[in-house]
Amino acid sequence: MAILMFLAILIATLFCFFYHFYRRQCCKHPLFTDYPIIGMLSPLLCNLHRFHDFVTEELQPKGGTREFTGPWFTNMNFFITVDPNNVHHIMTKTFHNYIKGTEFREIFQPFGDGIFTSDLEEWKYNRSLFHSLFKHRSFEMFLEKTVQNKVHNSLLPILDQVQHQGIVVDLQDVFNRFTFDNICSLVLGYDPNSLSLDFPNVPIEKAFNEAEESIFYRHIIPESAWKLQKWFQIGHEKKLTQACQIFDEFLYACIASKREELSKHNDNETVETHQVDLLSALMKEEKAKAHDDKFLRDAVFNLFVAGRDTITSALTWFFWLVATNPLVEAKILEEIKHNFGGKEHKVGVLSAEALKKMVYLHGAICEALRLYPPIPFERKQAIEADTLPSGHSVNPNTMILFSLYAMGRSEEIWGKDCLEFKPERWISERGGTVYVPSYKFISFNSGPRTCLGKDLSFVQLKMVATAILQNYSVQVVEGHVATPNVSIVLLMKDGLKVRIKKRED
């Protein structure tokens, strides 16, 4: 036991030394070179600040799949792939052989036993439960009304004030607050009004971001290193512990408040006659006896990450791409005018049904998701030995990473123009939407784990996009660099600094 502890401390110390040394040197290794003892950790650390682009560059000359070798005794060896055939094989054809696994759940400990981390029967139960809630017409109507109200009563007034004052605003922060208010309304049944004119400090909103960044670092440093940091409560592990305390206090307080609220209503009252928020629905579900506070906490946390951060990411990158591609912006505006008339015929926030006409906008959103997927990588673990379609052998417990970011930049999948922001690639000659298999366009996952909220996400994205573009021109501040952050959710490192101009025509 003492020897193992010594090795853990030694590995953690070596990692910290290499990490800080390479950060000072600002070096850049061109390849995933396999060094003695430390494996490929050195070039990874050198390029950590540009992790997603580095992985993309490394995979291109290797046919889209290669092995990463970690330091000795760290169990950090895994495959990285962007091969659609491998994705289809793992996510669909042999779905039963690839799971999240115990190591995944340990890394994603803040997610608890929610739908993102669970496997087998527990996952099936969670998915069946959420499927019944998401597909209920009352919830779809509730979501549409909630988003419309938040856009009309908060988002547009904020932007109107910003443009009137002529100030620079961080649009990503605006979207963060917008989606936080929405997800609180949809999941918890109340609006915290974090998107208000005074931009109040919201500790819980920041805590989610810090937790996600810390979870990312657990992927790229030896397990012994982050566990030692957790034990000593230093570095990212200290931030993660503090973040968990903040959002756990918030979530458990909301659960207690909701129980008290529901207890005041008649037991025979249906969800539709009182509340259709997801927490109320979970508490009133016929199997509610199994839904203790821990189950509800994990469910709510997973819903927050799925319905808040991903929408924030998608909106941020979409508006940056549109603002820097004026021809695309002009075509979206033309589509709005063609379907709904000019400024003088504005009808407010469009309904989900009306937005189905927006084919070009749909293509533009898909392009943003392709180039900047909100969840930039997916992780799986093999149960039994297997051989991938690419010919690579997979041993039991082998970790496999899909780089969704690199897949969106693959010439083999998207052609020579894969780096272009080109909504037309999603539109058929007849003017309809082109179907792309989920194992190629994996922003909403693939196979049995395909995102249940995909359609609802598109509704929110289109509502916000049309409302803003119809009223305002978003202009990126000169010199602002859009850099992906290092986290499990692909946000902009320094936000999206813009000026808002009111449309006159």
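## Basis of the description

The expected span of a helix is taken as 1.5 Å times one less than its number of residues, and helices (DSSP runs of H or I, at least four residues) and strands (runs of E, at least two) are numbered from the N terminus. The structure is a predicted model, in which local features need pLDDT of at least 70 and side-chain atom pairs count only at pLDDT 80 or more, while totals for chains, interfaces and linings use all residues. Residues are numbered from 1 along each chain as its sequence is written, and side-chain values use heavy atoms, with hydrogens and water left out.

## Overall make-up

The protein contains 19 helices and 10 strands. Of its 505 residues, 57% count as buried, where buried means under 20% relative accessible area, exposed means over 50% and partly exposed lies in between (1.4 Å probe, protein chains only). Taking contact to mean heavy atoms within 4.5 Å, 73% of the contacts between residues at least 6 apart in sequence join residues at least 24 apart.

Helix α19 covers residues 454-471, and its 18 residues should span 26 Å at 1.5 Å a residue, which agrees with the 26 Å between its end C-alpha atoms. This helix is mostly covered, with 16 of its 18 residues buried.

Strand β9 (472-476) belongs to an open sheet of 3 strands, whose order is β4-β10-β9 and whose pairing is antiparallel; two strands are said to pair if DSSP finds at least two bridges between them. Because β4 (169-170) and β9 stand at the edges with a single partner strand each, one side of each is left without a neighbour in the sheet. Between β9 and β10 (residues 497-502) there are 5 bridges, and within β10 the partner of tyrosine 472 is lysine 502, while serine 473 stands opposite lysine 501.

## The nonpolar core

A nonpolar core is here a set of buried Ala, Val, Leu, Ile, Met, Phe, Trp, Tyr and Cys residues joined through side-chain atoms within 4.5 Å. The largest such core has 157 residues, of which Phe304, Phe318, Phe319 and Ile332 touch the most other members. Helix α13 (residues 293-323) gives the most to this core, contributing 17 residues. Leaving aside neighbours within four places in sequence, phenylalanine 319 is in contact with Leu171, Phe175, Val464, Ala465, Ile468, Leu469 and Val474.

A cavity is a set of points, on a 1 Å grid over the protein atoms alone, where a 1.4 Å probe fits but cannot get out, and its lining residues have an atom within 4 Å of a point. Among the 48 residues lining the largest cavity, Phe116, Ala306, Thr310, Ile375 and Cys451 are the closest to its centre. The largest share of this lining, 9 residues, comes from α13, and the elements that each supply at least two lining residues include α19 and β5 (377-382).

## Two asparagines with positive phi

Asparagine 193, in the loop between α8 and α9 (203-220), has a phi near 55°, a positive value in a residue other than glycine. Asparagine 193 counts as partly exposed because its relative accessibility is 42%. Asparagine 397, in the loop between β7 (393-394) and β8 (399-403), has a positive phi of about 75° although it is not a glycine, and at 52% relative accessibility asparagine 397 counts as exposed.

Technical notes
1 Å grid on protein atoms, 1.4 Å probe; cavity = no way out; pocket = protein on both sides within 12 Å on 5 of 7 lines; lining within 4 Å.
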